[in-house]
Amino acid sequence: MAAFEIKKITDNPQLIDMASNWFHLKWNIPLKAYKESIQECLKQYNIIPQ
């Protein structure tokens, strides 16, 4: 079994582009929509479950 390191985007905002791209490719979520969602989460006034 492979070991994984889980990183919170709120603690690692430099991963926004990589995470957005992964979700876009995995589930065909529009890249722009996912980036906007992450950025809203980082503002902490409309927190998305983490």
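## The chain as a whole

Of the 50 residues in the protein chain, 16% are buried, where buried means under 20% relative accessible area, exposed means over 50% and partly exposed means in between, with a 1.4 Å probe and protein chains only. The structure is a predicted model, in which local features need pLDDT of at least 70 and side-chain atom pairs count only at pLDDT 80 or more, while totals for chains, interfaces and linings use all residues. Residues are numbered from 1 along each chain as its sequence is written, and side-chain values use heavy atoms, with hydrogens and water left out.

The secondary structure of the protein chain consists of 2 helices and 0 strands; helices (H or I, at least four residues) and strands (E, at least two) are DSSP runs, numbered from the N terminus. The accessible surface of the chain comes to about 4,400 Å², and 58% of that surface belongs to carbon and sulfur atoms, the areas being computed by the Shrake-Rupley method with a 1.4 Å probe, and for residues only the protein chains shown count as cover.

Helix α1 covers residues 16–27, which is 12 residues, and it reaches 16 Å from its first C-alpha to its last, close to the 16 Å expected at 1.5 Å a residue; the expected span is 1.5 Å times one less than the number of residues in the helix. Within α1, the residues I16, A19 and S20 are buried. Seen down the axis of α1, these buried residues fall within an arc of 100 degrees, so they line one face of the helix, the arc being that of the directions from the helix axis to the C-beta atoms.

The buried residues of α1 pack against α2, which covers residues 31–43, and a contact here means heavy atoms within 4.5 Å. On the other side of α1, by contrast, M18 and L25 are exposed.

## The loop and a positive phi

Just after α1 comes N28, which takes a positive phi of about 60 degrees. N28 lies in the loop between α1 and α2, and with 61% relative accessibility it counts as exposed. Most residues other than glycine have a negative phi, whereas N28 is a residue other than glycine with a positive value.

## Salt bridges

A search of the whole structure finds 2 salt bridges, a salt bridge being a side-chain nitrogen of Lys or Arg within 4 Å of a carboxyl oxygen of Asp or Glu. One of them joins K35 and D17, whose closest N and O atoms are 2.8 Å apart. K35 lies in helix α2 and D17 in helix α1, so this pair ties together parts that are 18 residues apart in sequence. K35 is partly exposed at 27% relative accessibility, and D17 is also partly exposed, with a relative accessible area of 48%.

Another salt bridge joins E40 and K43, with the closest N and O atoms 3.3 Å apart. E40 and K43 are 3 residues apart in helix α2, and so they are separated by about one helical turn. Both ends are partly exposed, E40 with a relative accessible area of 25% and K43 with one of 48%.

## Aromatic rings

The whole structure holds 4 aromatic pairs, where rings of Phe, Tyr and Trp (its six-membered ring) pair if their centres lie within 6.5 Å, and planes under 30 degrees apart count as stacked, over 60 as edge-to-face and the rest as tilted. Among them is the edge-to-face pair of W22 and F23, with 4.9 Å centre to centre and 90 degrees between the planes. The rings of W22 and W27 have their centres 5.2 Å apart and their planes at 90 degrees, so this pair is edge-to-face as well.

Ring pairs link W22, F23, W27 and Y34 into a cluster.

## Contacts across the sequence

T10 lies in the segment before α1 and counts as partly exposed at 22% relative accessibility. Although T10 and L42 are 32 residues apart along the chain, their C-alpha atoms are separated by 5.8 Å. For the protein chain in general, among contacts between residues at least 6 apart in sequence, 28% join residues at least 24 apart.
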